[in-house]
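Hi,

Here is the structure I promised to pass on to you. Have a look at it first, and then read my notes below.

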Amino acid sequence: MIKMSGAMLQKSNFNPQNLTVNISGEVVELLYQEYKLLEYLVENKGKIISRDEILLSVWNVEGVVVTRTVDMHIARLRKKLSKFNLEEKIRTIRSKGYIFS
């Protein structure tokens, strides 16, 4: 369970049928890849995850790929989570990837 400023985010808050997450009683609608990315980050809480690992696990893309896809989706997730003061939970680790803390 992740808790910050009263907002909580845990696996039971995820609804895969509707691609939504319930945060502090409010339903947040996500696009398919945003949902999969947030779910993956929460499942790997506290672990630095490289862009390549995210691309493979969330997008099922393998090999050398130069793309800003992950960065753009992270930015959109941060914006959607900012309403709940959770945007800082997704941190960029320079030259390594991202971590959900």
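Asn15 has Thr20 of strand S4 as its bridge partner. Please keep in mind that this is a predicted model.

The hairpin of S4 and S5 has two residues between the strands, and here Ser24 takes the positive phi, near 50°.

Next, the helices. Two packed helices are described by the angle between their axes and the distance between the axes. Helix H1 (residues 32-43) packs against helix H2 (residues 51-59) at an angle of about 120°, and their axes are 10 Å apart. Angles from 65 to 115 degrees count as roughly perpendicular and those over 145 as roughly antiparallel, so H1 and H2 are oblique to each other. Their crossing is right-handed.

Which residues make the contact between H1 and H2? From H1 come Gln33, Lys36, Leu37 and Tyr40, while H2 brings Glu53, Ile54, Ser57, Val58 and Trp59. Sorted by type, the residues of this contact are five nonpolar, two polar and two charged.

Best wishes

Note on methods:
Residues numbered from 1 in each chain as written. Predicted model: local features only at pLDDT ≥ 70, side-chain atom pairs only at ≥ 80, totals over all residues. Heavy atoms only, no water. Pairing = 2+ DSSP bridges. Helix = DSSP H or I, 4+ residues; strand = E, 2+ residues; numbered from the N terminus. Axes fitted to C-alpha atoms, helices over the stretch in contact; angles between N-to-C directions. Parallel < 35°, antiparallel > 145°, perpendicular 65-115°, else oblique. Left-handed = near helix turned anticlockwise from the far one by under 90°. Contact = heavy atoms within 4.5 Å. Nonpolar A, V, L, I, M, F, W, Y, C, P; charged D, E, K, R; others polar.
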